Amino acid sequence: MRALVTRPREDAEGIALQLARRGFEVLAEPLLRIEPLAGIAVPLCGAQAILATSANGVRALAAATAERRLPVLAVGDASARCARDLGFSTVSSAGGDADGLVALVKARLRPEAGALIHAAGTAIAGDISGALAAAGYDVRRTVLYRAETAASLSTTLVTALREGTIDLALFFSPRTAATFAHLAPLAGVEGDCGRTAAYCLSGAVAHRLRELPWRRLRIAAHPHQSALLAAIDEDFDLRTSSGGEARV
């Protein structure tokens with residue numbers, strides 16, 4: 001079986017490994033390219049914590065400052081794990097979505113205790129800063145990287161879709177999903193998606209893919225990578241045969 005991973009190259013390794021363990025051949029097609037911005041001064045003076053809405057933001061922040069003592073409140077487990085790996089000493093995960101991060105901030109932090117540094121990209125999903133500002137928090141959104149969308153699908157992916165050899169495709173962000181939905185018709189393969197099952201991290205992601213004729217459009221029960229993998233496990237017979245291959 002073959003799985004398409006559309007995440008940025010920096011984020012694809014973990015999910016690719018999990019899929020390989022399940023017997024999938026992985027085709028990596030990064031639809032976003034992450035470019036850190038140089039020379040950004042992080043406004044740490046008077047800050048009480050850092051908000052991380054992506055692992056890319058964490059990596060860009062770690063490159064921009066040596067500060068590792070401020071608590072990091074991460075939107076999900078992947079961002080939290082990245083922060084710990086990069087040396088941040090106090091890290092909490094909100095469980096996977098923007099609403100959860102806002103709730104975590106309100107539960108853990110007081111507005112009068114200091115500003116919040118939001119390590120962000122040029123484009124973000126949701127309005128965490130606005131929601132927290134309305135609750136009295138001083139949020140300093142600091143743009144540390146840009147995510148450039150792909151201009152076209154690769155020849156390898158187009159061929160695989162036309163030949164019907166992509167069993168499933170994984171989508172983790174609305175922007176990645178929207179990019180694929182835009183590029184597939186340009187490549188003339190929108191109809192070929194009917195032989196592929198799409199697995200989405202959230203309803204917002206699935207919404208961007210709804211116009212394509214997927215064999216199945218599946219949303220994870222929770223916005224976590226583990227829930228996405230659980231949906232795949234549920235839909236595919238992943239018991240290994242004697243040859244070590246997963247069976248549908």
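Reader: At what angle do helix α2 and helix α3 pack, and how far apart are their axes?

Author: This is a predicted model, in which local features need pLDDT of at least 70 and side-chain atom pairs count only at pLDDT 80 or more, while totals for chains, interfaces and linings use all residues. Residues are numbered from 1 along each chain as its sequence is written, and side-chain values use heavy atoms, with hydrogens and water left out. Helix α2 (residues 55-64) and helix α3 (residues 77-85) pack at about 20°, their axes 8 Å apart. Axes are lines fitted to C-alpha atoms, for helices over the stretch in contact, and angles run from 0 to 180 degrees between N-to-C directions.

Reader: Why are α2 and α3 called roughly parallel?

Author: Angles under 35 degrees count as roughly parallel. The angle here is about 20°, so α2 and α3 are roughly parallel to each other.

Reader: What makes up the contact between α2 and α3?

Author: Ala 55, Val 58 and Arg 59 of α2 meet Ala 78, Ser 79, Cys 82 and Ala 83 of α3, where contact means heavy atoms within 4.5 Å. By class, five of these residues are nonpolar, one is polar and one is charged.

Reader: Why are α1 and α9 roughly parallel to each other?

Author: The axes of α1 (residues 9-21) and α9 (residues 225-235) cross at roughly 25° and come within 12 Å. By the cut-off already given, α1 and α9 are therefore roughly parallel. Gly 14, Ile 15, Gln 18 and Leu 19 of α1 make the contact with Gln 225, Leu 229 and Ile 232 of α9. That contact divides into four nonpolar, three polar and no charged residues.

Reader: Why is Ile 117 called buried?

Author: Buried means under 20% relative accessible area (1.4 Å probe, protein chains only). Ile 117 has a relative accessible area of 0%, and is therefore buried. Ile 117 is found in strand β7 (residues 115-121). Leaving aside neighbours within four places in sequence, its contacts include Val 42, Leu 44, Ile 50 and Arg 140.

Reader: Which residues touch the most other members of the largest nonpolar core?

Author: They are Leu 153, Leu 157, Phe 171, Phe 180 and Trp 214, in a core of 25 residues. A nonpolar core is a set of buried Ala, Val, Leu, Ile, Met, Phe, Trp, Tyr and Cys residues joined through side-chain atoms within 4.5 Å. Helix α7 (174-187) gives the most to this core, with five residues.

Notes: Helix = DSSP H or I, 4+ residues; strand = E, 2+ residues; numbered from the N terminus. Parallel < 35°, antiparallel > 145°, perpendicular 65-115°, else oblique. Nonpolar A, V, L, I, M, F, W, Y, C, P; charged D, E, K, R; others polar. Buried < 20%, exposed > 50% of the residue type's maximum accessible area, 1.4 Å probe, protein only.
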